[in-house]
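Please inspect the sequence and the model before reading each solution.

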Amino acid sequence: MRKPDELVIETGGRFRVHASLYVDDDLFAKEMERIFARTWVYVAHESELPNPGDYRTSVIGTQPVIVARDQDGDVNVMFNRCMHRGATVCRADRGHSNYFRCQYHNWVYNSRGELQGMAQKSGYPDDFDRSELSLVRPAHVASYRGLIFANLDPAAEPLEERLAVVRRSIDAWCDRSPAGRIRVTRGTHRYRYPGNWKLQLENGVDGYHGNYVHESFTKILERSGERSRKDVTRARNDVGSLNYAKGLGRGDGMLERRAGMLGTADYSPYADYHRQLVEAHGRDRVEDILTQRNILVFPNLYLFESHIRVVRPVSTTETIVDNHPTVLEGAPAQLNTDRLREHERFFGPSSFGATDDLEIFVHVQTGAQATAAEWLEMSRGLHREQRNEFGEHVGHSTDEAPQRSIYREWRRLMTAEAEVPV
Ligand code: FES
Ligand SMILES: [Fe+2]
């Protein structure tokens with residue numbers, strides 16, 4: 001059995017990962033300990049919990065959590081596991097309640113996870129200490145621009161430090177809103193695929209597959225007279241001043257295009273919106289703000305132009321993905337509607353885009369079973385990528401710089417010597 005540092009190999013101008021990364025159950029268990037229990041993991045957006053008593057359920061890796069706003073207005077993240085005999089105390093995806101009542105024996109907790117009462121309490125002595133039976137919390141919770149993260153590692157670095165490599169891009173993404181605030185108020189579109197979680201991670205920053213996997217979508221655009229395939233291909237392959245695939249470090253990555261990303265609404269008809277952005281954020285920043293980006297924040301968060309995407313590993317061969325369409329606060333209502341319609345057309349349940357990606361994940365998962373064939377190739381563009389002033393690995397938009405960023409961090413975390421937090 002190879003060790004994790006022997007499964008991601010970068011040597012002689014080649015970058016390769018071993019097929020066992022997608023099929024080995026021991027590696028999956030180790031990923032949950034070494035990656036999801038030691039890094040900042042996205043759990044929810046503040047706008048999903050506007051009022052005291054609002055809650056939603058989420059996960060840190062495979063560990064279920066509740067994210068709840070209490071009566072003081074504070075956001076609490078707690079494991080969704082009763083302190084009695086372990087049942088989940090909240091079964092809904094989201095809702096509003098000041099209490100969580102365990103279905104098994106009726107123990108009741110408040111929005112801070114404090115045990116408020118238990119059924120037939122005469123079965124316990126009068127001095128039984130309830131205060132020790134609050135729902136357990138992750139070691140750290142912090143948020144940045146409304147994005148709430150949790151970290152199980154008591155020795156974790158501060159969130160802002162962790163996000164240093166990707167913060168500029170998160171800011172540009174949030175500042176698409178003239179108010180500088182994104183809202184997650186359009187529900188969730190969830191899908192589940194029979195494949196490893198890293199396939200979704202690789203794919204959202206893969207600028208190489210579009211001409212092939214999404215050929216059917218571009219054919220539809222052409223047949224409807226909306227846009228020619230040649231035009232779409234040219235926009236995608238153009239080596240322009242803003243047409244990149246980037247590996248940012250810490251596993252983060254980005255696909256960045258001035259225009260032409262499939263699944264993005266056309267902002268050009270909204271002159272008022274452009275004026276609003278100039279007023280709110282300054283003329284200098286508008287071009288950067290309107291650059292189209294798919295931003296990966298390792299290990300489980302994607303900021304797409306139209307939605308937040310959260311990757312939820314279930315097992316080695318099963319993954320749930322939550323897509324939360326976003327609203328740009330302060331932007332024209334029609335623009336927000338157009339963004340949602342475009343999101344539905346490319347990413348939605350009956351869309352012509354993301355559904356084709358899922359089909360490919362199944363094929364990769366099947367192919368990866370051939371572990372005897374060993375290595376997968378991720379060298380594309382390695383010979384031509386540049387390092388910019390921010391230390392980013394910058395490649396052509398079809399290069400595999402972001403995928404290499406994912407696996408460099410994967411190798412670093414999987415081989416780190418630090419104690420696994422309990
Ligand atoms: S497991 Fe929750 S009350 Fe018994
Ligand atoms: Fe795709």
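**Exercise 1.** Classify the residues that line the second largest pocket.

Step 1. The lining comprises eight nonpolar, three polar and five charged residues; charged denotes Asp, Glu, Lys and Arg, nonpolar Ala, Val, Leu, Ile, Met, Phe, Trp, Tyr, Cys and Pro, and polar the others, including Gly.

The model is predicted, and local features require pLDDT of at least 70. Residues are numbered from 1 along each chain, and ligands from 1 as written.

**Exercise 2.** Describe the site of the iron ion (ligand 2).

Step 1. His 209 (NE2), His 214 (NE2) and Asp 357, through two OD entries, are its protein donors (N, O or S within 2.8 Å), at 2.0 to 2.4 Å.

Step 2. The arrangement is irregular because the four donor atoms subtend angles of 57 to 142°; tetrahedral would require all angles between 85 and 135 degrees.

Step 3. The donor residues follow the spacing H-x4-H-x142-D. His 214 sits in the loop between α5 (210-213) and α6 (215-223), and Asp 357 in α11 (residues 354-368), so the pair links parts 143 residues apart in sequence. Helices are DSSP runs of at least four residues.

Step 4. Both His 214 and Asp 357 are buried, that is, under 20% relative accessible area.

Conventions:
This is a predicted model: local features need pLDDT of at least 70, side-chain atom pairs count only at pLDDT 80 or more; totals for chains, interfaces and linings use all residues. Side-chain values use heavy atoms; hydrogens and water are left out. Donors are N, O and S atoms within 2.8 Å of the metal (3.2 Å for Na, K and Ca); water is not among the atoms, so sites may look incomplete. Four donors count as tetrahedral if all angles lie between 85 and 135 degrees; four count as square planar and six as octahedral if opposite donors are over 155 degrees apart and all others between 65 and 115; anything else is irregular. Helices (H or I, at least four residues) and strands (E, at least two) are DSSP runs, numbered from the N terminus. Buried means under 20% relative accessible area, exposed over 50%, partly exposed in between (1.4 Å probe, protein chains only).
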